[in-house]
Amino acid sequence: MLRIAVPNKGSLSGPAADMLHEAGYQQRRESKELRIVDPVNDVEFFYLRPRDIAIYVSSGQLDIGITGRDLLIDSGADAEEILPLGFARSTFRFASKPGEANGVADLKGKTVATSYEGIVAGHLAEQGIDASVVHLDGAVETAIELGVAEVIADVVETGTSLRNAGLEVFGEPIMKSEAVVIRRTGADAEEPKVQQFLRRLQGVLVARTYVMMDYDCRVEQLEKAVALTPGLESPTVSPLHNEGWVAVRAMVPAKEAQRIMDDLYDIGARAILTTAIHACRL
Ligand SMILES: Nc1ncnc2c1ncn2[C@@H]1O[C@H](COP(=O)(O)OP(=O)(O)OP(=O)(O)O)[C@@H](O)[C@H]1O
Ligand SMILES: O=P(O)(O)OC[C@H]1O[C@H](OP(=O)(O)OP(=O)(O)O)[C@H](O)[C@@H]1O
Ligand SMILES: [Mg+2]
């Protein structure tokens, strides 16, 4: 049975459960449940603190886990990323009162407050900057006003939390993060149950990113039309009862669907339809 660590709280837990549900896995009904078995899919889910997931996975008792890339790196655990999941996207940045610092060099001799000590200490060492790091559990934006630090390093998504605290980012982003699937470093990459799990999640990612497009066009326009909708491998082209016309079917990126429909219409395609994809295996 495949044993999978899933975030039990915070920004990652809701979207992770949604994705697993879309991939056909049973999920817990109550937020207090710590583990559930999904016998139909031969999987057991362990609901753990997002910060602990890389440590559990690196210990080898659990096969895979879902966590944030930033949490994985911060933990220093012996685990590696095998699939990015496209949600909980953020950057990790330094911030201070406006005008107090311009780049990482200005951190020399300062105190940086963060919940991600591993990332910050590693970054400072890499840059050869001598600064102190103070660990706080959260709400680090307040640390400057309350005199705990001159600089903070934190997750930034919209920037609202920083703005509300009167702070500004400076320097280059330390890293970009998103939710990722991880496994123990060097674990068997070909393990069929792991591969099947990854294929299911990839199916969800594709179903979220693409739509199916169908249309009719004249044979003379087919090459131009196919250039607009090349599909993932190649579009399906079928003859129509009316001679000189064909029906075309291809997957297109959902974000581009409206523009592609306009372009197809302009070259003479008609009966252009898009439909959602619910699940797929590529
Ligand atoms: N506002 C946000 N937008 C996107 N991702 C975020 C955001 N806040 C945290 N994350 C991501 O969530 C993960 C941290 O999860 P964790 O549960 O530890 O913190 P949290 O989501 O801030 O919840 P908590 O309420 O417990 O502080 C990291 O991967 C981080 O990048
Ligand atoms: O750029 P934004 O869209 O404002 O998002 C980023 C904020 O969200 C998270 O905080 P959270 O609300 O989880 O509180 P925490 O600091 O206690 O973790 C993170 O730690 C930042 O503070
Ligand atoms: Mg938080």
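Helices (H or I, at least four residues) and strands (E, at least two) are DSSP runs, numbered from the N terminus. The model is predicted, so local features need pLDDT of at least 70 and side-chain atom pairs count only at pLDDT 80 or more, while totals for chains, interfaces and linings use all residues. Residues are numbered from 1 along each chain as its sequence is written, and chains are lettered from A and ligands numbered from 1 in the order in which they are written.

Around ligand 2 lie G138, A139, V140, D154, V155, V156, E157, T158, G159, T160 and S161; a residue counts as near a molecule if its C-beta atom, placed from the backbone, lies within 6 Å of it. The most comes from β9, with three residues. By class, the shell holds four nonpolar, five polar and two charged residues. Here Ala, Val, Leu, Ile, Met, Phe, Trp, Tyr, Cys and Pro count as nonpolar, Asp, Glu, Lys and Arg as charged, and the others, Gly among them, as polar.

One of the shell residues, A139, is in the loop between β8 (132-135) and β9. Its phi is near 50 degrees, a positive value in a residue other than glycine. A139 counts as exposed because it has 11 C-beta neighbours inside 10 Å; the scale is buried for 20 or more other C-beta atoms within 10 Å of the residue's own, exposed for 12 or fewer, and partly exposed in between, with C-beta atoms placed from the backbone.

A271 belongs to strand β15 (residues 270-276). Phi of A271 is also positive, near 50 degrees, in a residue other than glycine. With 11 C-beta neighbours inside 10 Å, A271 counts as exposed.
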